Amino acid sequence: MCGIAGSFGLADSTLESAFAESANIRLAHRGPDDHGAYSGCGVSLVHRRLSILDTSTAGHQPMARRDGRYLVIHNGEIYNYLELRELLRGLGHAFRTETDTEVILAAFEEWDTDCFARFNGIWALAILDTKEQRLVLSRDRLGVKPLYYAAAAGGTIFASEIKALLDTLPRREPNLSAVRDYAWDGLVDHSSETFYSGVSALSAGTFMVISETGRRVERYWELPRGSGDADPRTAPSDDRTVEEFRGILESSIRLQLRADVPLGSCLSGGLDSSTIVILSSRLLAAGTKAHEATPRLALTASFPGDPSDESYAAGLAA
């Protein structure tokens, strides 16, 4: 969990500086390991780092490459960064760090906004193109990592958390439509609306391009939907389905075990968390991770005496 924030095209440079300072403080809890900032070309970028890959100072953000045309700040992890790095090396790119952040930059240099569809991971990021004077925001396919934006002082501000935007908003008013959806129907994060009027969430599976001509949002991915008319007589067997699912699940977990810090997992004792913990343990024991000495830690929340307490089942799984 890192924290990102920034602004584009604010009319008042004093306000831009005040926003960056405020956002850095408001997001400090998201990144205790390092922090960095950039200001120039009417743009400010703020980053709070929680180090996961390449914990050295080489992973400092905002990060630039080559001639400094592109700068990036990002929260999350690109799980297939090693595969992408090898592909990009074959296309002539060189790397000086072991971070997934540098892979994001190289991928953007090579494929521009088409790079997002190649990422396997969870992310919220901002890439500044100093040559074309544009800022690109992107969010992962299912919106695991948060990213909010709003209009302010003739420009745009964005951040990982809404509270980092509050001091710079022209006004603070409730969005009664979103409040109603939550209070009456229990709905939250079902749309781009938030509890604050004028503050929106960048939708999952989309990217936004901000320039002097305005903002535009494009979708790079959406959940595939089946036709609903599949013939059960031609459907794969249960055994084949199970094996295919196992392969996909193991591949997903294997990629997410990539880290340069100790790994942990939440274990409730239910089917999903128990499966993840057990497969993780097996994969680590098989030496699929470079740092085999990494501790295997599972955390369980216990509610003694409550019918919902699952600590017994979690103990059996452990």
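Let's start with the open sheet, where six strands run in the order β4-β5-β6-β7-β11-β12 with antiparallel pairing. The edges are β4 (63–64) and β12, each of which pairs on one side only. Two terms first: strands (E, at least two residues) and helices (H or I, at least four) are DSSP runs numbered from the N terminus, and two strands pair if DSSP finds at least two bridges between them. Strands of a sheet pair through backbone hydrogen bonds, either parallel or antiparallel.

A word on what you're looking at: this is a predicted model, in which local features need pLDDT of at least 70 and side-chain atom pairs count only at pLDDT 80 or more, while totals for chains, interfaces and linings use all residues. Residues are numbered from 1 along each chain as its sequence is written, and side-chain values use heavy atoms, with hydrogens and water left out.

Now follow β12 to its neighbour. Strand β11 (residues 206–211) pairs with β12 in the antiparallel sense over six bridges, and Phe-207 has Glu-218 in β12 as its bridge partner. Helix α3 (residues 100–111) packs on the sheet, touching β4, β5 (70–78), β6 and β7 (134–139); contact here means heavy atoms within 4.5 Å. The direction of α3 makes about 125° with that of β5, taking axes as lines fitted to C-alpha atoms, for helices over the stretch in contact, with angles from 0 to 180 degrees between N-to-C directions.

Next, the rings. A search of the whole structure turns up seven aromatic pairs. In the pair formed by Phe-116 and Phe-119, the ring centres are 6.1 Å apart and the planes are at 75°, so this one is edge-to-face. Rings of Phe, Tyr and Trp (its six-membered ring) pair if their centres lie within 6.5 Å, with planes under 30 degrees apart called stacked, over 60 edge-to-face and the rest tilted. Phe-116 counts as buried because its relative accessibility is 0%, and Phe-119 does too, at 1%. Buried means under 20% relative accessible area, exposed over 50%, and partly exposed in between (1.4 Å probe, protein chains only).

Trp-123 and Tyr-220 make a stacked pair, because their ring centres are 6.2 Å apart and their planes are at 25°. Trp-123 lies in strand β6 (residues 121–129) and Tyr-220 in the loop between β12 (214–219) and α5 (238–256), so the pair ties together parts that are 97 residues apart in sequence. Both Trp-123 and Tyr-220 are buried.

Arg-118 lies over the face of Trp-111, at 3.8 Å from the ring centre, and the charged end of Arg-65 sits over the ring of Phe-95, 5.2 Å from its centre. The test is NZ of Lys or CZ of Arg within 6 Å of the ring centre and within 35 degrees of the ring normal.

Finally, a look at the backbone. Most residues other than glycine have a negative phi, and most peptide bonds are trans. Gln-61 and Pro-62, however, are joined by a cis peptide bond, with omega about 5°; Pro-62 is in the loop between β3 (43–49) and β4. Cys-41, in the loop between β2 (34–40) and β3, has a positive phi of about 60°. Ala-153 has a positive phi as well, near 50°, and is found in the loop between β8 (148–152) and β9 (155–159).
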